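Here is a short report on selected local features.

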Amino acid sequence: MTETLSASGLSVALGRRRVLADLELAFESGSFHCVLGPNGAGKSTLLRALAGLLPHAGSARIGDAEIAAMSPKLRARRIAWLPQDHAVHWPLPVRDVVALGRMPHGASLDRLHEADRDAVADAMARCDVAAMADRPVTELSGGERARVLLARALATGAEVLLADEPAAGLDPLHQLTIMAVLRAEARRGRVVVAVLHDLSLAARFADTVTLLHGGKVAMQGEPAAVLTAERIRDVFEIEASVEPREGGLRIAALGPAPHR
């Protein structure tokens, strides 16, 4: 079983602005975690710090291993990073794009061992992109590219998967598909953490949500406990209807909250 991804006293400053302040967090394996918050709350900054891509004060660890102390090669093997941008600039076949996920293991596109080929095929199957293996990735739709890039991250075989806005800009079908794959990866024993803006998607798919506000943790827990109408009003400054339903919550934004 994958070890816990955790942060203790985690703080990040960008220039003179302190974006994150003394965060204490733990993300368990086997559960799908979503990080929520308004623009500027520090969501993407948190993920980049956990991925070892930003300098920070405090500690970020996988189990007892300090992420900042890992070599880039080891970190790339243990943490798969899925950024916001779904752009791909080279017309590589889908199979080759997914195979890039094997680079941290010493593979190259012209030298894939059997274990690499198996990992690539498995990742493409899980993301339902095997049928487009020979198509240039630049000819795919945005939703198809998103699934290909997720497959690349899965092909790494990393125990931690960090996804920054994986459903942004996608139509509802592709949003649901991406979220279902992420949740399935958590069920396979990975630590899966995704930044989202869509509260309803998080409430439907996440096992736990972490709500950031002003660079601090407003609350972490199950969606029904965290995403109350009152807390949404306080953090997002909107009035919202929150109704329990089978499989999660139904959250509807009603309008800006009146200033108090």
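How many disulfides does a search of the whole structure find? The search finds 0, a disulfide being a pair of cysteine sulfur atoms within 2.5 Å. This is a predicted model, in which local features need pLDDT of at least 70, side-chain atom pairs count only at pLDDT 80 or more, and totals for chains, interfaces and linings use all residues. Residues are numbered from 1 along each chain as its sequence is written, and side-chain values use heavy atoms, without hydrogens and water.

The sulfur of Cys127 lies 16 Å from the closest cysteine sulfur, in Cys34, which is too far for a bond. Buried means under 20% relative accessible area and exposed over 50%, with partly exposed in between (1.4 Å probe, protein chains only).

| Cysteine | Relative accessible area | State |
|---|---|---|
| Cys34 | 0% | buried |
| Cys127 | 2% | buried |

Next, helix α6. Helices (H or I, at least four residues) and strands (E, at least two) are DSSP runs, numbered from the N terminus. Helix α6 covers residues 172-187. Its buried residues include His174, Ile178, Leu182 and Glu185. Exposed Pro172 and Leu173 are on the face turned away from the buried side. Gly189 follows α6, with a positive phi near 110°.

Last, the hairpin. Strands β11 and β12 form it, with 2 residues between them. Gly247 in the turn has a positive phi of about 90°. Ser241 stands opposite Ala252 in β12.

Note on methods
Two strands pair if DSSP finds at least two bridges between them. The expected span of a helix is 1.5 Å times one less than its number of residues.
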